[in-house]
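Here's a quick briefing for anyone meeting this structure for the first time. Take a look at the sequence and the model, then read on.

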Amino acid sequence: MTPAPARSGFAPRRDLDFFCAVVIVGLLAGLAGLATTVVLRSVEHLTYHYTFGSLLDGITGSSAVRRALAPMMGAGLAGLGWWLLRRRAGVPPLAGTIARHERIPRLTWSVDAVLQIVLVGSGASLGREGAPRQFAAVLSDLGTGWLRRLSPGDREILLACAAGAGLGAVYAVPLSGALFTLRIMLNTWRLRAMGAALLTSALAVAVGSLLTHNRPELDWPRAESNYLLSAHALALVPVAFAVGWVFNTIIAAARPATLIRSWLLIPGLAAAGLLTGICSHWWPQLPGNGRSILSISLASGLTLASAAVLLVLKPLLTALFLRAGGAGGLLTPSLATGAAAGTVLVLTLNAVFGTHWHGPVNSLCGAAGVLAVTQGSPVWAALFVWELAHPPIRMLLAFAVTAVGAHAL
C-alpha cells in the first residue's frame, strides 16, 4: 500500500505546477501576440510600401499597379510555402488537436502561422486571429513541457487558455480572450478553467500592450444615440441572422473537402490576391481581415452603394481564398460583413423614411449579430464587439440584443 504522506503532498505540488504553468502560458501567449503583430505590420508595409498610418491609408496611397500586383505576389508566396509544407506534413486543426490530447506539431503550426500572416498581410480577406492562437499554443506547449505533474486535463486547459489569450493579446480584449477559452475552446465553467483563462488572458494582454498600448482596436465616435437603442438592435436581428446564415453557407461550400496539397495552391491563391487587388482600386476597404470596413463604418464614411458592394464582396473573397487552399480566421471577415449589413439597413431606412438611426451603433450591432451566428456564442460575440471599440457600457446591451436574437433564430 502506498503511504499516505506520499500521496497527500501530490495534489498541492500539482496545483503549484499548474499555477506556474498558467503564468508561463499567459506570458508566452502575449509574446506570440507581439510576434505575429510585428510580422503582420511588416508584411502590410512591404506590400503597400507605406510607413505610417493604417492599412487603409497604405492602400489608398499606393499606385494602381502596386495595389493589384502586390497582393498577388504575397498570396502566391504564401501558396508556395503551403505547398512545400503540406507535401511533408499535415496541419491538424487547433481545437481538435487540443481536445483529443494529441501531440502539438510545433514546427508545422509555427510555419503555418507565419504563412497565414503573410497571406493576410498581403491583403487576403481572412482573419489574423488564427496565427497568434496557433503560435501561442506552440510556445505554451514548449514552455510548460518540463512540468511533469500536470494531468492531461490540465494540459488541455492550458493549451486552450493559450489560444484564447493569444486572441486577447492581438486585439487587446482580455475578457473576450478568457470567454473564448471557456465558451468556444473548452465549453466549461469549471472554476479551475475560469481562473486559468482570466489570468492567462490578462497577462497576455499586458504583454501585448507594448504594441497595442491598451487602446481599443476601433475608434468609437463621440456622437452617439441615447434613445431606442434596444429597439434598433432588435430590428437588426432578422438581418443579422440572414447575413450570418448566408455567410456560413458560402464558407461551408467553399471549404475544400480535403486539405489542398498540390502546386495549384500557388496560382490559385495568386489569382485570389490579384482579384482582391483589382477590386481594391474601387473599394480600398476590401483587402485585409476586415478592420478597414469596421473603422470606416464607425466613422460613417460608407455610402449606401459602397456598403452594399462590401456586403457582397467581403464574404465572397473570403470564400475564394479558402477555396484556393488558404488558411486564416473568420472572426473579422464576419464582423466586417455584419457591419456592412448594419450600415446598409441604417442608410436605407434613413433615406426612405427620414429616420435618424445612429450608424455606428447599428453597424456594430450588425457585426455582433453576424458573429453570434457564425461562432455560435452570442454572449461572447457581444462582449468581443464591445471590447473592440469600448463604447459606453450601455451599448453592450444593444449588442447583446442583436447577438442573442440572431443566434436564437
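Cys279 is buried, since its relative accessible area is 12% (buried means under 20% relative accessible area, exposed over 50%, partly exposed in between, with a 1.4 Å probe and protein chains only). Keep in mind that this is a predicted model, where local features need pLDDT of at least 70, side-chain atom pairs count only at pLDDT 80 or more, and totals for chains, interfaces and linings use all residues. Residues are numbered from 1 along each chain as its sequence is written, and side-chain values use heavy atoms, leaving out hydrogens and water.

**Cysteines**
- Cys161 is buried too, with a relative accessible area of 1%.
- The closest cysteine sulfur to that of Cys161 sits in Cys20, and at 15 Å that is too far for a bond.
- The count of disulfides comes to 0, going by the rule that a disulfide is a pair of cysteine sulfur atoms within 2.5 Å.

**Helices α4 and α13**
- Helix α4 covers residues 64-88 and helix α13 residues 265-279; helices here are DSSP runs (H or I, at least four residues), numbered from the N terminus.
- Their axes come within 7 Å and cross at roughly 155 degrees, with axes being lines fitted to C-alpha atoms over the stretch in contact and angles running from 0 to 180 degrees between N-to-C directions.
- So α4 and α13 are roughly antiparallel to each other (angles over 145 degrees count as roughly antiparallel, under 35 as roughly parallel, 65 to 115 as roughly perpendicular and the rest as oblique).
- Among the residues making the contact are Trp82 and Trp83 of α4 and Leu269 and Gly273 of α13; contact means heavy atoms within 4.5 Å.
- The residues of this contact split into 14 nonpolar, 4 polar and 2 charged (Ala, Val, Leu, Ile, Met, Phe, Trp, Tyr, Cys and Pro count as nonpolar, Asp, Glu, Lys and Arg as charged, and the others, Gly among them, as polar).

**Helices α17 and α19**
- The axes of α17 (residues 359-375) and α19 (residues 395-408) come within 8 Å, crossing at roughly 40 degrees.
- That makes α17 oblique to α19.
- The contact includes Cys365 and Ala368 of α17, along with Phe399 and His407 of α19.
- Its residues divide into 11 nonpolar, 3 polar and no charged.

**Arg14**
- You'll find Arg14 in helix α2, residues 10-48.
- Arg14 counts as partly exposed, because its relative accessibility is 26%.
- Although Arg14 and Leu150 are 136 residues apart in sequence, their C-alpha atoms are 6.2 Å apart in space.
- Leaving aside neighbours within four places in sequence, Arg14 is in contact with Arg149, Leu150, Ser151, Asp154 and Arg192.

Definitions and conventions. Helix = DSSP H or I, 4+ residues; strand = E, 2+ residues; numbered from the N terminus.
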